[in-house]
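User: Could you walk me through this structure, one question at a time?

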Amino acid sequence: MPQIQVTPLGAGQDVGRSCILVSIGGKNVMLDCGMHMGYNDDRRFPDFSYITQNSRLTEFLDCVIISHFHLDHCGALPYMSEMVGFDGPIYMTHPTKAICPILLEDYRKITVDKKGETNFFTSQMIKDCMKKVVAVNLLQTVQVDDELEIKAYYAGHVLGAAMFQIKVGLESVVYTGDYNMTPDRHLGAAWIDKCRPDILISESTYATTIRDSKRCRERDFLKKVHETVERGGKVLIPVFALGRAQELCILLETFWDRMNLKAPIYFSTGLTEKANHYYKLFITWTNQKIRKTFVQRNMFEFKHIKAFDRSYADNPGPMVVFATPGMLHAGQSLHIFKKWAGNEKNMVIMPGYCVQGTVGHKILSGQKKLEMEGRQTLEVKMQVEYMSFSAHADAKGIMQLIRMAEPRSVLLVHGEAKKMEFLKQKIEQEFNINCFMPANGETATTVTNPSVPVDIALSLLKREAALGPLPDPKKPRTMHGTLIMKDNSLRLVAPEQALKELGLSEHQLRFTCRVQVQNPQSEQDTLNTIYSHLKSVLKEHSIQHLPDGTVMVESILIKVSAAAEEPSTKILLVSWSYQDEELGGYLCTLLRKGLPQSTG
Amino acid sequence: MAAHLKKRVYEEFTKVVQQQQHEEAPAKKLRLTKPSKSAALHIDLCKATTPTDALQYLLQFARKPVEPESVEGVVRILLEHYYKETDSSVRLKIASLLGLLSKTQGFLPDCIVDDAINTLNNEKSHQVIAQLLDTLLAIGTQLPENQTIRLRLVEVACRHLTDTSFGVRNKCLQLLGCLGSVDKPVSKELESMVLKDVQKIIGDYFNDQDPRVRTAAIKAMLQLHERGMKLQQTIYSQACKLLSDDYEQVRSAAVQMVWVLSQLYPESIVPIPSSNEEIRLVDDAFGKISHMVSDGSWVVRVQAAKLLGSMHQVSAHFLEQTLDKKLMSDLRRKRTAHERAKELYSSGEFSSGRKWADDAPKEKVDTYAVNLIDSGACGAFVHGLEDEMFEVRIAAVEALCTLAQSSSSFAEKCLDFLVDMFNDEIEEVRLQSIHVLRQISNNITLREDQLDTVLAVLEDSSRDIREALHELLCYTNVSTKECIQLALVELLKNLTKYPTDRNSVWKCLKFLGARHPTLVLPLVPELLSTHPYFDTPEPDMDDPAYIAVLVLVFNAAKSCPTMSALFSDHTFRHYAYLRDSLSHLVPPLRLPGRKLVSVSDSSGMASSEESSQQFLRQSLERVYTIQHLEAQGAQELLEFTIRDLQRLGELQPELAGAADFSATYLRCQLLLMKGLQEKLWNVAAPLYLKQNAMASAAARQILEETYKLEFLYSGLETRQVAIVHHVRLQAKALQLVLNARTSRGVEPLLSICEKFLQEVDAFQRCFVAELTHFQDSFVEKLLELMPRLLACKPLDLVKILQTTLRQSGFLHLRLPEQLHRATATIIEPTGESDNPLRFTSGLVVALDVDATLEHVQDPQNSVKVQVVYPDGQAHIIHPRPGDFRNPGPGRHRLITQVYLSHSAWTEPCQIEVRLLLAYSCSKSRTSILKPAWNESTDGLPTTENSIEGTIPFSKSVKVFIMPKPTRR
């Protein structure tokens, strides 16, 4: 039986280092090729030797697909293509292709220049790697080779994020990457058609969460910022450069516009500027509002948001500053935080999750005195707020996507094992389909049941169609025909034609059957009883009483003869051709049950 | 260069109207007798050698209409060709032409039914069959009365239902839906025919393999429903299955179907699959449609959201589920932000600093009990309001509105969600949700935290949003005095940020005060900053913020008599001032130690209105005694009455329209009387040039006033219009007489006389029905003399006119029920600014104009803005239709920009801006009096030239501007 195998090399019951191998219809596809934020040794990249067993990757993989530009989905790409060695095509959407190298370069700089690692990929390698990338459009079907085709669907999450359908013949797999089912200020919601894949590989970051309406969160956020600014305080919003930052920028920008506010908003520069440039370009990937209004004004052309300079931090008066990085552990955001922490008029808003040990985590858990390097202590008087802005689908969203795609089975990745367990159970219970959650290196196998296409002769089809009402697409229907398997092709033709083609003559095949019935009546009366009995049972068939002492049901013949020894035992002779096998068999069992006692 | 630029600017931004009287000779109409259409077509078709040619001829033919008489002949020819034709595209065109022809008005297509059915039987091409069925449908709808033909057509459709082409099946279903018999046959002879169960036949095609046919089947079923057939409940389960169809068009139609069934059988019971429970059908359907709010296609989502709003019978339990989305985090139950806000509020602590674990999850959720995909209505609106497409969001907001109007508990619940929508990214949605909240605000009371969110929107830069919000606040109930204070503070903030909102804010505070007198009472000392021991400084009376506070307090004091005890001296003084200057905002109060006319209670108001109405009637009655008075007395009486009426109009705003109208009418009479004074006419003309000038001025003024009478007032009946026209006729007669006296020679007089006679004629034609009321009037006498007038010479005519004018009586004016004068007030520019608007000459400057219009019909076309420059140059600017808003019945709001430009001045100077009401005489006459004329008017020679003009109907506002010379 044909089967599809899915093996996560990363992201199996884990978040980070997304890398999933799929073998489908004899093709091998790698979905995402990410790095792990938590490790600095070999574990940060997927273990490619699992695939290669010390030969080149190109021979094993038909293509690599990258869902979006986050490093845990594309961070290992140059390593794989240049250092391990892969020359096949890499597919990603246009925005991903544009933004991905910026992030990779940034990542390389931090690892090599700051941490001083050697044996890491170089800038040239990133460039070479990007040369192998083939960009795809949304809903565009790309033929990788004769049999393998892929198609991208919109996924929300970040600019250019996509879900991919991988299809070989009639078997298919959908990989969601990260997706978001609720639209936000700059992106729309994920959407897929009813493509009914054999496996849906879905992320499950928020497998056990159902989120509140985003409007409350937005409103709270705006209110906090507005109040502080009106009071004359300064607001610090530590963010990571791409993704949420843009959403918050748009949120504040439109709010400033609406409310006619004058306080300046700054964005600490860096790679954001380059990325913002791409955001301006890929308007088609954003949400309805931005797409509709960009003719008048591109929403990413910020009117109120200006580039930040270090010296601005000491300026008097209210201001709002977006600064990287998001967890306040180093860099500009920490620098500004230190300057502003002492004033209770100021405020810091943490828009995302903070890892334990970072300054962000400490202040969120309520610490008022922070120890800085050099035995200094920093008293935190400013207000600390937490706002969760996340772009993953919650449990409901995941279920909604499954409902949209109607897969035959689901496979969960990119989440914690405990949470997956819950979702798995829910999926199995509510959709009544299989659900897998393999760990890294574990293989999940699904047996598929692909339908086999057969050519049917038009004349045969028309003849069959003419017989009854129009075929119901959801019910199978029997038809008579001959299946010819010849020259690697399947054809269904009418029996006569098949005989003609094969040069055979037709044989008649008849079944006969004897049934003993106890009936004291005469043969003629028995026949009459049978006739009337059948007439009452088989209302829809033509039943004839022929003058030569037989009963015909359609083409089935029934004769009665008395047994020689015992006149009350009648022997019924039933004879039918093989075309009427169904009816004949039924008649036999019917007659075996005996005749009703004739009332005279 | 500058001049050139300026010219261009005007071309682009304004349409300057040039009033010119153009007389156009009426175009003569020719009626050509057409050669028979059928013959021409026949020849054409015979000439055609190739199918393409034939097609061309048919296409040409289809462009012209055919008279009903010749339709049948044309049909015969077409059919003849149809049988001969081998090319299916030509047959298709012929079939479609048959359909078009059978729709011709006045043609009964029953004679071609047989032929059409015959052709159908012999046809092979599916497309042509589909087209022929379409033709049959057209024929069938033309003959709604003929049962026999309908039955035949239905039978034909049933025969073709098994066709393999989807197009044919589609058309068959459509035909069944439109023509299938809805009720049992009435007559005996029809009963013999087999009546098909149309519903069952259509229902079978719900499972067709082609999605288009499935859609057509559902649509046909809906069509049957629309035609009044009661659909069977059995199709409900089928329709529900179709909700999960692969194709959006099917789903969209199925949603409608489910909705229809839920309205038909709301109370019947359906089982819940996979359990033994049963629920009401309407609840089940509600759950299913709610589910469609998270469909993949936005078209379906919009439809589902809209339909949810109209399901009023659904049980409260289900309804409330739509707003509930059981939150959890890490498998622990979580409370929504709304719940948290409510709790914070009820625990007495408002506005806490948000903590990191503030929304920490509570109890653990039982994993088995969590249902992630609820079959119920869970969270439908939460999803709908968060949708990606604003169309869905608007639909959801509207649905919330209608549902909340019928259930107050639901209204309470959906409040939080609506308030959240105030923050939507699209202004349309924000505006809509504010409007919706206003509509349901009778059912709800805002909590403090909710009010806080609502008020935050007051800072919005969009004027529409702010004004909608003010309107909302007018109708809002709040619960505590803190709320009132909060609202006041925010409104004052709004006032300082956007001073132009002054009127709107005051109005809002007026209602807020009147609604919550007891909540305002404890705030009064603070609001008026009075102190028990110390005298506080007297606030500035011109400060809009102080006025706002006073408006709030005075309106609250109206129903709270104890409040006035808290006022300090200057407050009373200010009350008196405001009562006079802003009487629409400040109610009459019963204040201690002041003798005020007690008109505060409503019965008193009513009686005062009644008495003034009586006064109006009496004054008009009194005027009719005028005939018996001599000239001097009559004039005096008129003058008194006019003065009385004018004063009455000022005092009683309800009667202002009627009083003004009668006053103006009487003024016309007065002028006429003065113009006809005997002294004037007895002396030779050259000696009394001055008197003469006076009379002609009077005539001119009467004409002007009559236009005002006709166009400035809404609610006029034909009778009043006739009287106004009569006065106008008199004025014209007076002009004619004066002309005759001053001018030399007969030639010019001749044409004037002719014109006048034509006008009399037109008057007679227009007001034939009213002539009975014109006894003893000028026009009646004229009409009596008409034969003589037509024959006599101009000078004789003038003499006759002169005497009739003098002898003619005074017409009684009966006022209509409702009479309103169109008024306009320019709110902005205020005309108070001393800072001139500076701009470079030759370029333009935009001046914001904001005005309220009352009782103006069709303001888009009639209201213009006029700008008069100090050099006497006047421009008329047409505002765009989009600049008019309609905040209430009879009220309009004009917010527009006027572009100004001029050559350089040496110092700033004032220009005048006013609103004009444009009218066009002939247009109004035809549209009001002869609505059925449409076609025939152009045929008749127009006797009266269309007179177009404008009436200024607002006070003019002066604006200081200063065009600076260009710097080179």
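**Where the two chains meet**

Analyst: Happy to! In this predicted model, 59 residues of chain A are in contact with 62 residues of chain B.

User: How much area do chain A and chain B bury between them?

Analyst: The size of an interface is often given as the accessible area lost when the parts come together. Here, 48% of that buried area is on carbon and sulfur atoms. For chain A and chain B, the area is about 5400 Å².

User: How many salt bridges does the rule find across the interface of chain A and chain B?

Analyst: Let's start with an example: D246(B) forms a salt bridge with R196(A). Their closest N and O atoms are 2.7 Å apart, and the cut-off is 4 Å. Across the interface, the rule finds eight.

User: Which element supplies the largest share of the side of chain A that touches chain B?

Analyst: Several elements of chain A each supply at least two residues of that side, among them α7 (244-259), α12 (395-405) and α13 (417-431). The largest share is eleven residues, and the element it comes from is α6(A).

User: Is M221(B) buried or exposed?

Analyst: M221(B) lies in helix α12 (residues 211-226) of chain B. Beyond residues up to four places away in sequence, M221(B) touches residues including F206(B), L231(B) and M257(B). Its relative accessible area is 0% and the cut-off for buried is under 20%, so M221(B) is buried.

User: What separates the C-alpha atoms of M221(B) and L231(B)?

Analyst: These two residues are ten residues apart along the chain. M221(B) also touches L231(B). The separation of their C-alpha atoms is 8.0 Å.

Definitions and conventions:
Residues are numbered from 1 along each chain as its sequence is written. Chains are lettered from A and ligands numbered from 1 in the order in which they are written. This is a predicted model: local features need pLDDT of at least 70, side-chain atom pairs count only at pLDDT 80 or more; totals for chains, interfaces and linings use all residues. Side-chain values use heavy atoms; hydrogens and water are left out. Contact means heavy atoms within 4.5 Å. Buried area is the accessible area (1.4 Å probe) that two parts lose on being put together, summed over both. A salt bridge is a side-chain nitrogen of Lys or Arg within 4 Å of a carboxyl oxygen of Asp or Glu. Helices (H or I, at least four residues) and strands (E, at least two) are DSSP runs, numbered from the N terminus. Buried means under 20% relative accessible area, exposed over 50%, partly exposed in between (1.4 Å probe, protein chains only).
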